[in-house]
Amino acid sequence: MTERILPWHNGGELSPLLDTLRDIVGPAHVLTDPSSMQGYVTDWTGRWAGSAVAVVRPASTAEVSSVAAVCFDAHVPITPQGGNTGLVGGGTPHPGSILLSTRRLDHLESIDPVGRTIAAGAGVTVARADQAAAEYGLRFAVDLASKESATLGGIVATNAGGSRMIRFGDTRSQLLGIEAVLADGAVLSRWNPLVKDNIGYDLPGLLAGSEGTLAVITKVLMKLATPAADASVFLAGVATVDDALRLHELISRNGLIVEAAELMTANGVDLVCRHTAVGSPFDTQFPFYALFEVSAHRAAEDSLVEILAAGADLVEDVAIERRPARRLWQLRESHTETMGRESSTPVIKLDLSIPLGSMSSFVRDVESAFARRYPAVRPIMFGHFVDGNIHINVLDAPPADVEQITDAVFAMVAAHNGSISSESGIGRAKNQWVHLGRTALDVGIMRSIKSAMDPRHILNPGVLFPALGKPNSPPNW
């Protein structure tokens, strides 16, 4: 491809570039007015904001390809964005970039009820995919609190987990095929519904979790799951994290299938109860609350009562409902909304994972460290704990202390042999801490892959990769 530098790139006007983009996607879908762009350049948490030359909204893979080719010729960065529901600033535009929104790539192409697959544009939301699957008695297996806004392209780009990862795996494990546009506009299509297809490198798997740094995902082919015919949800008040983990082991060893498992702390549940109509689950408050959805080959509720009776030493109190058990699930799913409403500053959201054997000591260390160093802030923890995932949310943190707080939490994660990113990616928020989980050689190989697929480094600059230079030394709390 012949390199062509547009006049504005050398100090000229923006008009030639914008006119070309309007010709590709239509004038109504090139936004340059600041008020129209606001919802795209600022993330929903309020912590991340950027600036863009324009927001461009293509409606097809062909249009994405043309937009990418124009930007490649002009050396203009592209920030891909799905539903803008991320937690780490991965979809927040780099200054001077084109923000490429995939929301109009919302064609739900087909569902194969025999092969149990769904083919859909990157802009289709998780909720819509699940609703379409339900018409065939199936379900979309990635389940997120943000499913009404989160898009299929976005969850693939971040390799999202969600509440049912323990049952069905992460997004990468659901992905069969992908269509994506490379930095120069070339279209990669690896599209095969086969579960077993072992020819060379797994390119769809490589793009899953790449956070828009290797290509712009435009279409996905994903597995669908068969939902359990009978399921129950129970909330158990427990004294310790270890008791919650032992309860999970007891359930699994006795033949119940764990569809989802969540852990919450007393302060988080209290916050939800004060801000919603869900009501306190028990007359007594407990240090931790374990929420399980379980299924079985025979009546799940009958099996569950027997198993919980056998594990009475682990459970302080319990409430059981048949699925969907919206009241019990609301206790967990309302955490994010109520924390945002309660905190005086944007909530620090740290998604991480810890080995199960270290989880109890990690939670104690975090609680102790905050009480000692930052008694005025409020850390609230919850997560899909049986896969090691913990979300640490810090309320009322002074903006000047955000980086130091993050530094210290990640130091504790590293000390417990955990990961600084469990299911939300690295984005802009965590790139300076990548050295805590990846060696220099590892990062070097990733940089080589990036250079091979994006030679001009115009796709989502500033995301995922740490700045070259000496890494930070986390403080010792």
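Two strands count as paired if DSSP finds at least two bridges between them. Helices (H or I, at least four residues) and strands (E, at least two) are DSSP runs, numbered from the N terminus. The model is predicted: local features need pLDDT of at least 70, side-chain atom pairs count only at pLDDT 80 or more, and totals for chains, interfaces and linings use all residues. Residues are numbered from 1 along each chain as its sequence is written, and side-chain values use heavy atoms, with hydrogens and water left out.

Start with the sheet. Strand 14 and strand 16 (residues 389–395) run antiparallel and are joined by six bridges. Within strand 16, N389 is the bridge partner of S353. These strands belong to an open sheet of seven, in the order 13-10-12-11-15-16-14, with antiparallel pairing. Strand 13 (317–322) and strand 14 (348–353) are the edges, each pairing on one side only. From one strand to the next, the twist averages 15 degrees. Axes here are lines fitted to C-alpha atoms, for helices over the stretch in contact, and angles run from 0 to 180 degrees between N-to-C directions.

Helix 10 (residues 266–275) lies across strand 11 (257–265), strand 12 (288–295), strand 15 (378–383) and strand 16. Helix 10 runs at about 90 degrees to strand 11. Contact means heavy atoms within 4.5 Å.

A salt bridge is a side-chain nitrogen of Lys or Arg within 4 Å of a carboxyl oxygen of Asp or Glu. E259 is buried, at 4% relative accessible area. R167 is partly exposed, at 34%. Buried means under 20% relative accessible area, exposed over 50%, and partly exposed in between (1.4 Å probe, protein chains only).

The whole structure holds 21 salt bridges. One network links D130, R139, D143, K147, R164, E293 and R323. Within it, D130 and R139 meet at 3.9 Å, N to O. R139 is buried, with a relative accessible area of 14%. Elsewhere, D454 bridges to K450, with the closest N and O atoms 2.7 Å apart. D454 is buried at 0%, and K450 is buried at 5%.

The peptide bond from R323 to P324 is cis, with omega near 20 degrees. P324 sits in the loop between strand 13 and helix 12 (326–333). Most residues other than glycine have a negative phi, and most peptide bonds are trans. Two loop residues have positive phi. H75, between helix 3 (61–73) and strand 3 (78–81), has phi near 60 degrees. R116, between strand 5 (108–112) and strand 6 (117–121), has phi near 55 degrees. H75 is partly exposed at 28%, and R116 is partly exposed at 38%.

Last, the surface. L206, L441, I445 and I449 form a nonpolar patch, with about 340 Å² of accessible area together. Helix 16 (residues 440–453) gives the most, with three residues. I449 is found in helix 16 and is partly exposed, at 30%. Patches are made of residues with over 30% relative accessible area and no salt bridge, joining like charges within 9 Å and nonpolar side chains (Val, Leu, Ile, Met, Phe, Trp, Tyr) within 5 Å. Accessible areas come from the Shrake-Rupley method with a 1.4 Å probe; for residues, only the protein chains shown count as cover.
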